[in-house]
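Subject: Handing over a structure, with notes on cavities and strands

Dear colleague,

I am passing a structure on to you, and my notes follow below it. Please keep it open while you read.

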Amino acid sequence: MKPFSLIAYVLISITLLVSSCANDDSSPPIDNFDRAKMDLLFSTLEERDLTMGAASIFKNGKEIYQKSFGMADLANTIAINSQTKFKIGSITKTFTAAMIMQLVEEGKLTLNTLLSDYYPEMPNSSVITTENLLRHRSGLFNYTDDPDLLNWGTQPITETEFIERFTQYGTIHEPNVFSTYSNTNYVILGFLIEKIDGKTYSEALKDRITDPINLTNTYYFGETINTSNNECLSYGYWNDTWNLAPQIHASVSAGSGSIMSTPTDLNIFYNALFHGGIVSLSSLDEMTKSISNIVCIGLFPNVIRIVKPDFGHYGAIDGFNSVTAYFPEEDLCMSYISSGINFQNSTDLEKFNLPYAPFDIYFGYNYTIPLE
C-alpha cells in the first residue's frame, strides 16, 4: 500500500526508496559484522530526529541482531521495543500470495482460474487469471491512485463496494502485456482467500500462517492503533516536530496491506517460506520465478539492488515504511521498519542511504555514517 498522508510526503518517500543505490562492493557476508556500527547508525538517526523504528537480522534461521529505536507513542512516552508491532503495508502481499499458493496446492484454485469465476462484472474478467493478479499483470487500475482516496479511505468499505469501485475504475492496459503494480490485484486476492476458505482474511492468516509457525506478533490490524497492546503509532515530521500521520481504515488496505507485525516476525515468516515451511518448494519456485527480472509472485527480485541476489518486498502505509529481504545464498533475512521519517530534513536524511544502510553495514560494504 502507498502511505496515506500528505502528497509531498508520499512523493519524497517513494523517491528515497527507489533512488538510493547500495554500494556494489562484493565483500563476503560475515556473521561477525560490525554491530557497534549498526548500533551507531540507529542511535544517530534517533538522536537527530530523522527516523524511528526497528530492525532484525536472521542468519541460518536464528536472530543474530535486533535493534529498536525511537518512540511508539510520543505523547505517552512509550518507547519502541523488540515486541512493538508496526503496520507493514505491502509486505502483506507476500502473506497473501503464500495463502493463494496454498489454495492452489490444495486444488481449490489454479493459477489459470479466471477472475470471471468470482467477479464476472469486472473489466477483462474473462481473460484475467489468478496468476495475472499475483504478478501485477492484470492491467487493473491501482485504486490507491484514486485522487479522492483520502476522502473515502478513512471509512470502512465492504467487498461489494470495493468491487463496484474497481469496476468503475476500469483498466489501464490489457492483461498479461506487461507488469503494472496495482494494489487492486491483492485486495481481490484477499477476497478470493475469504471466499474459498469461508472465513475472514484475519482468520485465514491465523490458521494458515501465524499459528503454524508461531508468529505471536503478526495479525490483521484493527480499527485503530492500540498502544496498550504494544502497537506503534506512526509519525511525520513537519513544522519542526513529530506529528501523528493520518490513518486509513483497515478494510481499505485488505489483502494488499492490512497486516501488523515486527521485524523479527517478518524474518521468521520469510525464513519459513524459503525453507518449505509455508508452501511446497515447487510453489516457492513458482513464487520466485520472475518475468523480465521485475516481478515474482508476492515478491520482487533484488529489492536491495546489490550484487547478491535477494527476494523481498517494500511496504509503505500511513507513515510506516518497511523492507524485508531474504538472501538465499547466505540463508540471511533482514527486515527494517520505520514508524516515522523526517522528510522536512530530507537532504540530511538522504545522506544515510536508507533503507539500504543496514544491509551495507552487515555485508561490510564501504559505508560511512554521516555523523555531522
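How many cavities of 30 Å³ or more does a search of the whole structure find? The search finds two, where a cavity is a set of points, on a 1 Å grid over the protein atoms alone, at which a 1.4 Å probe fits but cannot get out. Before going further, please note that this is a predicted model, in which local features need pLDDT of at least 70 and side-chain atom pairs count only at pLDDT 80 or more, while totals for chains, interfaces and linings use all residues. Residues are numbered from 1 along each chain as its sequence is written, and side-chain values use heavy atoms, with hydrogens and water left out.

The second largest cavity has a volume of about 50 Å³, a volume being the space filled by probe spheres set on the points, which are joined across faces, edges and corners. Its lining residues, meaning those with an atom within 4 Å of a point, include Met38, Phe42, Ala55, Ile57, Tyr336 and Phe359. The elements giving two or more residues to this lining are helix H2 (35-47), strand S1 (51-59), strand S13 (332-341) and helix H13 (357-362); helices (H or I, at least four residues) and strands (E, at least two) are DSSP runs, numbered from the N terminus. By class, the lining has nine nonpolar, two polar and no charged residues, where Ala, Val, Leu, Ile, Met, Phe, Trp, Tyr, Cys and Pro count as nonpolar, Asp, Glu, Lys and Arg as charged, and the others, Gly among them, as polar.

Strand S1 deserves a look of its own. Nine of its nine residues are buried, that is, under 20% relative accessible area with a 1.4 Å probe and protein chains only. Thr51, Gly53, Ala55, Ile57 and Lys59 point one way from S1, whereas Met52, Ala54, Ser56 and Phe58 point the other way.

Which way does S1 run relative to S13? The two run antiparallel and are joined by nine bridges, and two strands pair if DSSP finds at least two bridges between them. Thr51 has Ile341 as its bridge partner in S13. S1 is also joined to strand S2 (residues 62-69) by seven bridges, again antiparallel, with Lys59 opposite Lys62. In the hairpin of S1 and S2, which has two residues between the strands, Asn60 takes a positive phi near 55 degrees.

With best wishes

Methods. 1 Å grid on protein atoms, 1.4 Å probe; cavity = no way out; pocket = protein on both sides within 12 Å on 5 of 7 lines; lining within 4 Å. Buried < 20%, exposed > 50% of the residue type's maximum accessible area, 1.4 Å probe, protein only.
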